[in-house]
Amino acid sequence: MTSSVPRLVIAAPSSGSGKTTVATGLMAAFAARGLAVSAHKVGPDYIDPGYHALATGRVGRNLDAYLCGPELVAPLFAHGARGCDVAVVEGVMGLYDGAAGEGELASTAHVAKLLRAPVVLVVDASSQSRSVAALVHGFVSWDPEVWVGGVILNKVASDRHEELLRGALESVGVPVLGVLRRVAQVETPSRHLGLVPVAERGAAAVEAVAAMAAQVEAGCDLEGLLGLARSAGALSCAAWDPVDALVSSPPPPLPVPITRGSAPSAPPGGSAPWTPGRPGRPGPQTPDGLTVAVAGGVAFTFSYAEHAELLAAAGAEVVVFDPLRDEELPEGAAGLVIGGGFPEMYAGELSANEPLRKAVAALAERGAPVAAECAGLLYLCRELDGQPMCGVLDASARMSERLTLGYRDAVAVSDSVLAGAGTRMRGHEFHRTVVEPGAGAAPAWGMRAPVRRVEGFVQQGVHASYLHTHWAAEPGVARRFVERCRTS
């Protein structure tokens with residue numbers, strides 16, 4: 001199968017150059033012209049895709065060659081871009097910056113090559129004139145397999161400044177496809193983990209995206225950018241599909257009862273191959289009313305779209321609820337997924353919702369599967385910054401001055417509702433909080449770098465950890481979770 005969706009990768013020499021402004025504004029400007037725009041983000045970031053979704057009206061998706069493997073980048077892109085007129089991919093950090101110590105792996109340049117997509121380089125020109133030519137020349141010539149098809153100059157001070165920049169770039173041979181002045185209203189507020197998510201800003205986020213679109217519309221050659229996108233090479237790959245991914249993934253072990261106070265263990269051997277619709281293993285064509293509750297709202301905004309798609313493909317009805325507002329879990333919830341977010345910003349309100357905290361604790365107490373990542377881990381603790389939380393875990397959480405950030409190569413230490421012991425997965429940590437103790441009697445993961453350690457908690461049906469993972473890399477995680485929901 002071939003995907004020929006027109007596409008651009010928006011990159012920069014470094015972070016802070018204006019990638020998000022340009023990418024989001026370009027998405028919104030294309031959408032305003034009636035185009036169906038597919039939005040993507042290189043790397044593990046959850047926040048930028050929220051702005052992308054606001055700009056396009058479609059879910060923002062991530063392309064991460066470290067978490068999912070290079071072989072899944074093009075199929076996941078084709079899945080997200082199916083039926084669209086154009087796709088815009090926002091890069092991460094500097095164009096050639098990837099996973100630490102891994103060469104080009106997971107860099108914007110790596111993903112651009114995997115997608116056979118032209119790159120548009122966004123350059124912060126605020127403190128330079130003729131030097132911009134040397135900068136752009138270096139990025140163009142560094143890797144001949146990366147096609148830099150144009151430049152957008154950002155934070156240009158005046159017409160004279162623009163004239164100097166354009167004159168310098170004539171010698172490089174890369175067209176200038178846009179010139180943007182500094183505009184205060186398109187600057188989005190940040191805090192301890194980056195931009196403030198869309199869900200927390202409401203109307204202000206809508207206004208910011210509209211301002212980005214207006215600036216890009218006024219300062220960029222949209223027809224030239226669209227023409228460049230249409231010159232991208234065809235991708236010869238099948239689009240990723242959640243049902244196909246589950247069918248082709250190894251079968252889960254037979255479900256076993258979960259004994260109170262202990263981690264679940266799998267019996268030797270395995271089950272028969274799983275297929276959607278098979279009696280006892282229903283897929284999306286044969287729903288059985290199994291409900292998996294997924295935390296949402298402004299405190300829990302971090303989730304990859306493919307997680308819900310995989311849960312649905314495994315036979316679950318995914319129901320989103322808001323821990324800040326809802327006093328009960330969704331009716332009939334057989335399992336609970338609590339992803340990432342900013343519970344530390346809403347600790348008082350989360351604590352005040354005592355009925356829901358008790359409902360979560362009761363669900364965990366009866367052995368139902370609960371998967372919690374980062375923010376979810378904090379919510380399950382006894383307390384967060386002195387505020388009572390769900391008390392599922394005998395641990396306390398607090399804000400810290402230290403930022404923990406980076407990719408992780410992990411192995412499951414204990415059998416759990418997500419993975420059998422020994423399962424290897426790649427993940428990502430990103431937090432300014434500390435949980436004490438950092439691991440339970442049955443840890444969730446063992447890490448090899450940057451230091452060897454164990455982390456997280458497995459108890460009864462609970463799997464709680466700081467590690468963010470992408471289930472498309474290991475679809476059996478979703479299937480195993482749904483199977484345990486069905487048998488717990």
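Predicted model: local features only at pLDDT ≥ 70, side-chain atom pairs only at ≥ 80, totals over all residues.

Residues are numbered from 1 along each chain as its sequence is written, and side-chain values use heavy atoms, with hydrogens and water left out.

Start with D124 and K155, a salt bridge (a side-chain nitrogen of Lys or Arg within 4 Å of a carboxyl oxygen of Asp or Glu); their closest N and O atoms are 3.8 Å apart. D124 sits in strand β6 (residues 119-124) and K155 in strand β7 (residues 148-156), so this pair ties together parts 31 residues apart in sequence. Strands here are DSSP runs of E, at least two residues, and helices are runs of H or I, at least four, numbered from the N terminus.

Next, select E162 and R166 in helix α6 (residues 159-169), 4 residues apart, about one turn of the helix. Their closest N and O atoms are 2.9 Å apart. E162 is buried at 18% relative accessible area, while R166 is partly exposed at 34%; buried means under 20%, exposed over 50%, partly exposed in between (1.4 Å probe, protein chains only).

Now pick E104, K113, D143 and E145, which are linked in a network of salt bridges. The model's total is 22 salt bridges.

Finish at helix α9 (residues 222-230), where L222, L225, L226, L228 and A229 are buried. They cover an arc of only 160° around the axis, which puts them on the same side of α9; the arc is taken from the directions from the helix axis to the C-beta atoms.
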